[in-house]
Amino acid sequence: MTTATTECSSTAASITEVLLGGDLILNLSGQALATAHGARYLQFSSNSGSGCSLQVTKEACCVTWNAAIPSCFSSLSSLDADRIVVVVESANEFGHTVVRELTARGLRCLLCTLSEDCGAEAFMDEEDADAVAERLRQLGYL
């Protein structure tokens, strides 16, 4: 498997735009992702006697970061996956660490940072619109 690390950004609602058919999703964001039916997720499980593992599930899930997760990555190379998509929120400091660990094990991965959906408050208010219109008038465009 060729290793290539790529980064992108998306929203939780439009994550399907960056997913490919053979992807496994490691959702470290804590947000529910709007994925298509059949999307495959990695789920973390910790056993007191046998350590930890990452298992493939078709149920949407989030993984809460803990220090034991990187020790589970060695078993991922045997999974049927084209790429692992690591989904994090912008404030998450573990995304790059996870990608480094996966890449070091020869796994293709994509780091996808979730951005906020733009709400109405993200656009210009009336005062901003007036200032822009005035400047366009000064430049002769209006």
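Guide: A search of the whole structure turns up one cavity of 30 Å³ or more. This is a predicted model, where local features need pLDDT of at least 70 and side-chain atom pairs 80 or more, while totals for chains, interfaces and linings use all residues. Residues are numbered from 1 along each chain as its sequence is written, and side-chain values use heavy atoms, without hydrogens and water.

Visitor: Which residues are closest to the centre of the largest cavity?
Guide: Rolling a probe the size of a water molecule over the atoms shows where empty space is left. Here, eleven residues line the largest cavity, and Leu76, Leu79, Ala81, Ile84 and Leu107 are the closest to its centre. (A cavity is a set of points on a 1 Å grid over the protein atoms alone where a 1.4 Å probe fits but cannot get out; lining residues have an atom within 4 Å of a point.)

Visitor: Which residues of helix α2 are buried?
Guide: An α-helix has 3.6 residues a turn, so residues three or four places apart point the same way. In α2 (residues 95–104; helices are DSSP runs of H or I, at least four residues), Gly95, Val98, Val99 and Leu102 are buried, meaning under 20% relative accessible area with a 1.4 Å probe, protein chains only.

Visitor: And where is leucine 42?
Guide: Leucine 42 sits in strand β3, residues 40–47 (a strand is a DSSP run of E, at least two residues). Leucine 42 has a relative accessible area of 0%, so it counts as buried.

How values were computed
On a 1 Å grid over the protein atoms alone, a cavity is a set of points where a 1.4 Å probe fits but cannot get out, and a pocket is an open set with protein on both sides within 12 Å along at least five of seven lines; lining residues have an atom within 4 Å of a point. Grid points are joined across faces, edges and corners, and a volume is the space filled by probe spheres set on the points. Buried means under 20% relative accessible area, exposed over 50%, partly exposed in between (1.4 Å probe, protein chains only).
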